[in-house]
Amino acid sequence: VRRMRSRERGPYFQLVRSYREGGKVKQEVLVHLGRYETPEDALAAWPSEVRHLRAIGRDHQADRLEANLKKLTTLIEEEKRKE
């Protein structure tokens, strides 16, 4: 998890994968976690946020958050299978 800073909204977090390419270290953003410091925190909070966004008519935002939720769930399941 990488912590980023935003001047307008404060810190936010990203789940990243680090790798080497051509002798250089690079990072690929897997999922934007937003204000949640851990993937587990995001998993716990996002379902209720999706319901809230749908209730107030923000379906596009709910769809994007739901896509992140599915992606994060898949990544966590893949990690568990590796263990």
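Reader: How much space lies in the second largest pocket?
Author: The model is predicted: local features need pLDDT of at least 70, side-chain atom pairs count only at pLDDT 80 or more, and totals for chains, interfaces and linings use all residues. Numbering starts from 1 along each chain as its sequence is written, and side-chain values use heavy atoms, without hydrogens and water. A pocket is an open set of 1 Å grid points where a 1.4 Å probe fits, with protein on both sides within 12 Å along at least five of seven lines. Probe spheres set on the points fill the volume, which for the second largest pocket is about 220 Å³.

Reader: Which element gives the most to the lining of the second largest pocket?
Author: Lining residues have an atom within 4 Å of a point. Among them here are Leu15, Val16, Arg17, Pro39, Glu40, Leu72 and Lys82. Strand 2, helix 1 and helix 2 each give two or more residues. With six residues, the top contributor is helix 2.

Reader: Which residues lie nearest the centre of the largest pocket?
Author: This pocket holds about 680 Å³ of space. Strand 2 (10–21), strand 3 (24–34), helix 1 and helix 2 each give two or more residues to its lining. The lining divides into seven nonpolar, six polar and four charged residues. Of 17 lining residues, those nearest the centre are Arg9, Gly34, Arg35, Glu49 and Leu65.

Reader: In what order do the elements run from the N terminus?
Author: Helices (at least four residues) and strands (at least two) are DSSP runs. The protein has two helices and three strands. From the N terminus on, the order is β-β-β-α-α.

Reader: Are helix 1 and helix 2 roughly parallel or roughly antiparallel?
Author: Helix 1 (39–55) and helix 2 (59–82) pack at about 155 degrees, with axes 9 Å apart. Angles run from 0 to 180 degrees between N-to-C directions; under 35 counts as roughly parallel, over 145 as roughly antiparallel. The two helices are therefore roughly antiparallel.

Note on methods
Parallel < 35°, antiparallel > 145°, perpendicular 65-115°, else oblique. Nonpolar A, V, L, I, M, F, W, Y, C, P; charged D, E, K, R; others polar.
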